[in-house]
Amino acid sequence: MATTVLIDPVTRIEGHLAIKVEVTDGKVTEGRCMGEMFRGFEVLLRGRHPMDAGQITQRICGVCPISHGTASIFAQDMAYNVTPPDNGRLIRNLILGANYIQSHLIHFYHLSALDFIDIAAVTGYQGEDGTLRSLRDWVNAELASKRLYPAAPFLPRYEAQYATDPTLNLTAAKHFVEALEMRALAHDSAALFAGKIPHATALVPGGVTQIVTMDRVAAYMANMQILQAFVNECYVPDVIGVAQAFPDYFALGKSCGNFLSYGNFPESSSGSRLFPAGVLIKGTPEELKTDVITEEVKYSLFSSPSGLHPEKGETEPAPDKADAYTWLKAPRYQGHPMEVGALARVLVAYQQGVQAVRGEVDGLLAKLGAGPEALDSALGRHAARALEAKIIVARCLEWAGQLRPGEPVFTDFELPDSGKGQGLMEAPRGALGHWIEIENKKIARYQCIVPTTWNCSPKDDNGVPGPIEQSLVGTPVADPANPIEAARVVRSFDPCIACAVH
Amino acid sequence: MKQFDRREFMRMGGQLALAMGLGAGATPRIAEGLEALASGTAPVIWLQGQSCSGCSVSFLNSRAPSPFAVLTQFISLRFHSTLSTATGHLAMEVLHKSLQEGGHLLVVEGSIPAGMPRACVMGEEPMTELVKTAAKNAKAVVAIGTCASFGGVPAAENNPTGAIGVPDFLVKEGITTPALRLPGCPAHPDWLVGTLAYVLKVGLPELDKLARPVMFYGRLIHDQCPRFADYERERFAEKFSEDGCLFKLGCLGVSTNADCTYRHWNRGANTCIKAGAPCIGCASPTFAAKANLPFYLKGVASVTEGA
């Protein structure tokens, strides 16, 4: 008999997401993603000064504002026909790279790890580590108190099977606390060039406003070296530890089998990128074509026409629309749902033979005794993020070394009366596109298709479910009152609903 | 630590009631709330309306005390969408039981879609209703960030959801729980942690007429600007990344109250104007409000055209 299980809200993600699954004989047979918050950025941007977009769209998301800021200034660079100088390009990469590190760390340790590790294991800690002792003493004092919910926000939690290896539990708990400091250090590093973060003011079309000074370069590199040690010595091994404790999740969470990457981190003004653009349709590589991207809205709370390319996109909210179940549109590539994110970037780069990625992926698979097919899974997404962090932190150190003090960071431009631009890049969560159209020096149209719009998409006009909806099918749910398996699969995508709906 | 007696809390309660434009009748209730907060056991419930989670992320950038110290030594964070281990129905159970118990400090991040309640829903309940319920028996409400304080970007001109700030929403709904504003996009972690610490250890900080703590929002950014001397000498930057006062590029430090130029962001790393970026007025009540008041002046005919 089928049971309907509602996970609402899905906490420990960004924003307002609800998941509804039908469970038959202990397995999910159907999943629904419901994005529950709408602000209408594309509507309120119309009629504004085009440069406002770089600041306003950062407010789409406080976790990846740099991605929106970057996509917007890429679109504006194109519309204004301006190319940033090398320093400007490098500083943009340094800001974005540092925010990737903070985003991946917060996702693994603070959003996902508590689904796997047993935080209660600290109560019996006998060792001498200061962090673990203070955590133990706090948890024990809380549990002994008469509080309604002791040790909040870390407890209560689903009744479920958590990791049993005491070393894994204690190591991950210690790193949970340390990662709070590390992600803040990554943000400090971004701010050295961004002015502040979240919501960087130094990102502008034509480059950046922050000039290169050697004290900033040195501070950035010193921070990045600390982060590199944490990523390589804690983050990557902890992901492997969780993977070894929960090997089932290499077989769970496979989505639609299609992957999309716009490519990320420009390596030169001519357009080559550290992570290349590309598409995989059921394993077959294709070159990225942007004219085949559409957004469908049959099941979305919008009355605007369905199937439009984002250059012609419209956003007309219809909060009472019958049969619609989410504020997300359903983006499609040549009609296909596409998974985006670190896994898509890594698979596309691997397929195209990018050496840094091949080496890391092959090394990890050998360590786990798994084949490449294991990557297309819930654990594969965590692993792809960790490997990517390792590659990016190393490259950030090299980019910082290429900065030239005294040379320009910004190329000036004229604001045109009219124009169009397309800004394609990769947010930590996946392929991000901004499309701007300018008339009379004002924004005539602005559309965003955001990573979680792809991943958390509802069914399209043909009734084909989105990637996360597909990934839930087949997931076991042992106890409908504690559907942790479904929650683990959904969180492996690192959903961001503020982004997805905007 | 300084200990206060009941009379002290009554005095501070009266001060806050005044700042909020509430009658003297609200004083005992506010005093009781401050007393509970000062005992260091006050549960905190953090709700997100139309938010980007940027103020939550910014809170995690707190230097001292660290966010972990805040969670384990200052407050009992009962509910926070991004941090709570509890998920699904369990999360809603934690929220509702905590609300029934009452006596909490309510932190709200993000605006309220007053004109379109369907635009923010959690646990099948509209956020408009959840915020009302949570605010009614809260000891006090902290509107964190510009969206919660004044509406912010979601409330910008032509927005489709009728977004408004939390204090205005509460007044509209006839809810008299006192509400502080900590604007900023995002709010600086010190502004939240400093306010919490002040309330917990000392009492109610002095507030301005918009219920912002004067210790953080008492002065204009312009008056504390590292490029103030450039302004005085009329040395103006004509394009981004140049030395000089950023006024001609659109800097809104002249009309924005906050202390970021002194305090710096991200644990001292930098601040917008120091980075060559004009202040966009992100802590201002009118942040992003009007389409005809752009952040930058490039191509805006009346000011710099032809430059």
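Which residue forms a salt bridge with Glu339(A)? In this predicted model, the partner is Arg381(A), and the closest N and O atoms are 2.7 Å apart. The two lie in distant parts of the chain, 42 residues apart: Glu339(A) is in the loop between strand 12 (330–333) and helix 8 (342–351) of chain A, and Arg381(A) is in helix 10 (residues 378–402) of chain A. Glu339(A) has a relative accessible area of 1%, so it counts as buried. Arg381(A) is buried too, at 2%.

Next, a pair between chains. Glu36(A) forms a salt bridge with Arg118(B), with 3.3 Å between the closest N and O atoms. Glu36(A) sits in the loop between strand 3 (27–35) and helix 1 (41–44) of chain A, while Arg118(B) sits in the loop between strand 4 (112–113) and strand 5 (121–122) of chain B. Buried or partly exposed? Glu36(A) is buried, at 7% relative accessible area, whereas Arg118(B) is partly exposed, at 24%.

Back in chain A, Arg445(A) pairs with Glu437(A) in a salt bridge, the closest N and O atoms being 3.4 Å apart. Arg445(A) is partly exposed at 22% relative accessibility, and Glu437(A) is buried at 14%.

In chain B, a network of salt bridges links Glu129(B), Lys132(B), Lys172(B) and Glu173(B). Over all chains, the count is 40 salt bridges.

Last, the surface. Tyr198(B), Val202(B) and Met215(B) make up a nonpolar patch there, with about 220 Å² of accessible area together. Val202(B) belongs to the loop between helix 9 (189–201) and helix 10 (214–217) of chain B, and it is partly exposed, at 33% relative accessible area.

Technical notes
Residues numbered from 1 in each chain as written. Chains lettered and ligands numbered in written order. Predicted model: local features only at pLDDT ≥ 70, side-chain atom pairs only at ≥ 80, totals over all residues. Heavy atoms only, no water. Patch = residues over 30% accessible without salt bridge, like charges linked within 9 Å, V, L, I, M, F, W, Y side chains within 5 Å. Areas by Shrake-Rupley, 256 points an atom, 1.4 Å probe, with all protein chains shown as cover. Salt bridge = Lys/Arg side-chain N within 4 Å of Asp/Glu carboxyl O. Helix = DSSP H or I, 4+ residues; strand = E, 2+ residues; numbered from the N terminus. Buried < 20%, exposed > 50% of the residue type's maximum accessible area, 1.4 Å probe, protein only.
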